[in-house]
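User: Hey, can you help me look through this one? I'd like to start with charged side chains.

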Amino acid sequence: MVIAVQHNVGLGQILVARNDEMLTSILGSCIGVVIYDPSRRIAAMAHVVLPTSGGRPGSPGRFADSAIPAMLQQLRNEGANPQQLRAKITGGACMFGNSQINIGERNAEEVRRQLKEKKIPLIAEDVGGAKGRKVHFSPQSSQLEVVVMGVTSTVI
């Protein structure tokens, strides 16, 4: 596959890509959320850092409760069909070895809740574990490649 442009999605960012462009991110306890319209080959990826904003200022992509609505608005603005939208999520590792402060799990739970509330089908997920991930999403193929650091590569 020839990639026209690769967009690196950093902490708290939301970026949109089309057709042969690629969205990539490196995740630890953060969640990489991809919402995409396979019929129009357009996708948005958010790098969610925390589950809820609690009224704190910041980029909408930083928090699950503000990222999902912001992603939906950006996709609508770019011409995505709301009836065709689907989601995939990855990340949410327990990076600090303390299961009582498992921010990754809390991030994943809030993202799932937000997607359910907005009626966006969650097609696939690869979350949890104790290692970081590098992810690549292609709007052309709707495939999310997940590379667990030093272990495996899978496509969901």
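Analyst: R133 is buried, at 5% relative accessibility (buried is under 20% relative accessible area, exposed over 50%, partly exposed in between, with a 1.4 Å probe and protein chains only). This is a predicted model, where local features need pLDDT of at least 70, side-chain atom pairs count only at pLDDT 80 or more, and totals for chains, interfaces and linings use all residues. Residues are numbered from 1 along each chain as its sequence is written, and side-chain values use heavy atoms, leaving out hydrogens and water.

User: OK, which residue does R133 form a salt bridge with?

Analyst: With D126, and the closest N and O atoms are 2.8 Å apart. A salt bridge here is a side-chain nitrogen of Lys or Arg within 4 Å of a carboxyl oxygen of Asp or Glu.

User: How many salt bridges are there by this rule?

Analyst: Six. One of them joins R18 and E78 at 3.5 Å, N to O. R18 sits in strand β2 and E78 in the loop between α1 and β6, 60 residues apart (helices, H or I of at least four residues, and strands, E of at least two, are DSSP runs numbered from the N terminus).

User: Is R18 buried or partly exposed?

Analyst: Partly exposed, at 31%, and E78 is partly exposed too, at 39%.

User: New topic: how many residues are in the largest nonpolar core?

Analyst: It has 23 residues, and V33, I35, M71 and L115 have the most contacts inside it. Such a core is a set of buried Ala, Val, Leu, Ile, Met, Phe, Trp, Tyr and Cys residues joined through side-chain atoms within 4.5 Å.

User: Which element gives the most to it?

Analyst: α1, with seven residues.
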